[in-house]
Amino acid sequence: MKETSLVSLRIMKVVIYTVCIILALLSILPFWIMIINATRSTYEIQQNSVALIPSSFLKSNYEVFSGKTFNAVTGFVNSMIVASGSTILAIYFSSLTAYGLTAYTWKFRNALFSFILAVMMIPGQVMVIGYYQFIYKIEMTNNFLPLILPAIAAPTMVFFMRQYLAATLHIDIVNSARIDGSGEFKTFNRIILPIMKPAIATQAIFSFVGSWNNLFLPQILLTDSDKYTMPIMVSLLRGDIYRTEYGAIYLGLTVTVLPLFIVYFLLSKYIIAGVALGGVKE
Amino acid sequence: MRRKGVSYAKYGYLFCLPFVLAFIIFTLYPLIYTAVIGFTDLQKFNTDLNLLDKPLDNFKFILNNQSFRKSLNNTVVIWLMNFLPQILMALLLAAWFTNNRRKIKGQGAFKVLFYMPNIITAGTIAILFNRMFGYPIGIINDLFEMLGWIDEPIELLRNKWTARGAIAFIQFWTWYGNTMIVFIAGILGINPELYEAAEIDGATGRQSFFYVTLPNLRTIMLFTLVTSLVGGLQMYDIPALFNAGNPDNTTRTVTMFIRALAFENLRYNVAAAASILVFIVIAALSGIIFFVMRDKAAIQQKKIERKYHKDLRRADKEARRAA
């Protein structure tokens with residue numbers, strides 16, 4: 001009896017490892033083939049698009065690809081501006097709101113928190129027509145501000161920051177700062193923000209990546225190719241201009257993936273921990 | 001005032017003010033504006049809002065529009081084709097990774113790899129997969145030929161079910177890692193005593209999964225379901241860049257439909273009406289899910305607690321009045 005269960009345990013382990021390894025390969029291979037194909041000529045790809053070892057056409061692919069509308073540097077800089085701007089605003093104001101909700105007792109405190117919980121679920125794209133008309137009317141299309149400023153109100157982030165503060169903040173710290181004559185704003189900036197560092201770090205990553213990858217709203221608001229963000233640049237790769245330039249398309253895709261890969265493998269520990277934390281909200 | 005010192009309440013208002021203002025300007029106002037546009041004749045390059053003589057015309061038009069219905073149907077079908085396998089795979093992996101009897105090594109690396117597609121730009125992934133499914137030259141065709149499964153390239157994306165299946169697979173592939181990590185965290189948060197008790201009672205691994213793990217994951221699964229639904233019904237980047245709605249608009253999602261209506265045909269009013277309808281659909285479905293899956297015991301508990309607190313407060317007040 002015991003032996004059979006040991007055998008079945010072992011068989012089960014083999015099954016589990018096999019499934020996990022297949023899934024892991026499924027995560028790696030598409031990107032691997034993409035990077036390899038970025039170094040191969042269109043002719044080589046036409047012969048066989050599956051290859052595991054690089055070729056020597058990286059430079060000529062780059063020349064083809066950089067000669068067209070896809071401008072990796074512009075896209076990178078623009079995405080950097082939008083993503084950094086919105087992340088900084090989201091973090092600062094979400095922390096401030098969370099602090100306002102935790103440290104002070106005021107009449108509408110619980111009402112506002114319930115409201116934030118409710119609006120977390122509002123689907124972002126349903127108001128896009130109203131938002132476009134509003135931005136068009138005030139002549140702010142092709143401007144980054146309409147993509148950055150909404151980050152001041154980030155309900156999901158406020159929720160996380162509040163949960164974090166509620167668990168870590170001792171009001172004694174605030175009180176002793178008051179006795180030392182620190183103003184409320186100063187207390188928040190000098191004492192509370194440093195306490196929130198761990199929460200800020202994970203939320204910053206998600207906010208940044210989310211903004212960086214956003215296609216829908218930027219594509220509607222930015223029509224000037226000098227203002228294109230990285231995902232808009234990516235969407236150009238689908239167009240006719242690159243139709244037969246197989247190697248160049250793969251190179252373009254690779255260029256957009258590399259910064260994310262670097263960030264991911266540097267911070268994967270925090271990202272995974274952040275995802276785990278994100279799911280367990282009660 | 002009997003209380004000593006200053007009241008700090010005003011800082012509570014002050015610190016929450018930027019959030020409230022930004023929410024009103026960037027979410028509430030555009031949402032109401034969208035709803036209002038739905039009742040007007042705003043089209044092309046007009047900027048003035050004129051209410052229609054029959055205000056519900058745009059909504060009626062959309063409700064009877066075959067393309068709208070079709071795109072809504074496509075969206076739900078593709079979402080279901082992705083969500084069901086996704087949640088099953090995530091549950092299975094989470095059960096495997098949290099089982100104490102067989103310790104799976106390399107979990108950290110597996111988690112990192114499974115989650116990876118989620119942080120890559122969806123547009124990039126869509127175009128990469130578009131290349132993979134390419135015809136006559138594409139990675140999948142070449143792979144199948146190498147394996148000897150096919151003799152000549154096949155146009156995989158010409159069939160609506162392979163096209164939908166491919167989009168559902170991409171969605172699955174980008175999200176199962178995320179769902180798995182959330183479930184693992186949920187399972188690790190379950191009181192270990194419950195598992196010990198089950199084991200003492202002679203429960204098998206399977207039994208403790210079905211009778212301890214699943215019921216305790218309820219809230220987390222509910223949350224996953226609703227966020228996936230809200231996100232899934234807004235699906236845009238992947239279907240738009242993967243296959244642009246082909247073949248014959250069978251993979252066109254409702255967001256793609258609304259976008260084309262507003263920003264290609266410039267029929268803002270009708271598109272706004274469609275957006276509001278989608279909003280209502282999402283809100284109604286989330287509401288139904290919450291209602292069906294609500295935890296009756298917890299609600300009862302909360303009611304009792306609330307009553308207790310109320311009584312406590314009343315007693316407190318009376319005591320103070322007496323003093």
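Let me begin at the start of helix 8 of chain B (residues 192–200; helices here are DSSP runs of H or I, at least four residues, numbered from the N terminus), where a side-chain oxygen of B:N191 reaches to within 3.1 Å of the backbone nitrogen of B:E193. After helix 8 of chain B comes B:G202, with a positive phi near 85 degrees.

A word on the source: this is a predicted model, in which local features need pLDDT of at least 70 and side-chain atom pairs count only at pLDDT 80 or more, while totals for chains, interfaces and linings use all residues. Residues are numbered from 1 along each chain as its sequence is written, chains are lettered from A and ligands numbered from 1 in the order in which they are written, and side-chain values use heavy atoms, with hydrogens and water left out.

Turning to the interface, 93 residues from chain B and 97 residues from chain A take part in the contact, meaning heavy atoms within 4.5 Å. The buried area, which is the accessible area (1.4 Å probe) that two parts lose on being put together, summed over both, is about 8700 Å², and carbon and sulfur atoms give 78% of that. On the side of chain B, the residues that lose the most area to chain A are B:F15, B:F19 and B:F26, together 10% of what that side buries. Helix 1 of chain B (residues 9–37) supplies the largest share of the side that touches chain A, namely 21 residues.

Finally, one helix pair: helix 6 of chain A (residues 128–137) packs against helix 13 of chain B (residues 268–292) at an angle of about 140 degrees, with the axes 9 Å apart, where axes are lines fitted to C-alpha atoms over the stretch in contact and angles run from 0 to 180 degrees between N-to-C directions. In this pair, A:I129, A:Y132 and A:Q133 meet B:Y268, B:A271, B:A272 and B:S275.

Conventions: Helices (H or I, at least four residues) and strands (E, at least two) are DSSP runs, numbered from the N terminus. A polar contact is a pair of N or O atoms within 3.5 Å; within protein, one must be able to donate a hydrogen and the other to accept it, and residues adjacent in sequence count only if both atoms are side-chain atoms.
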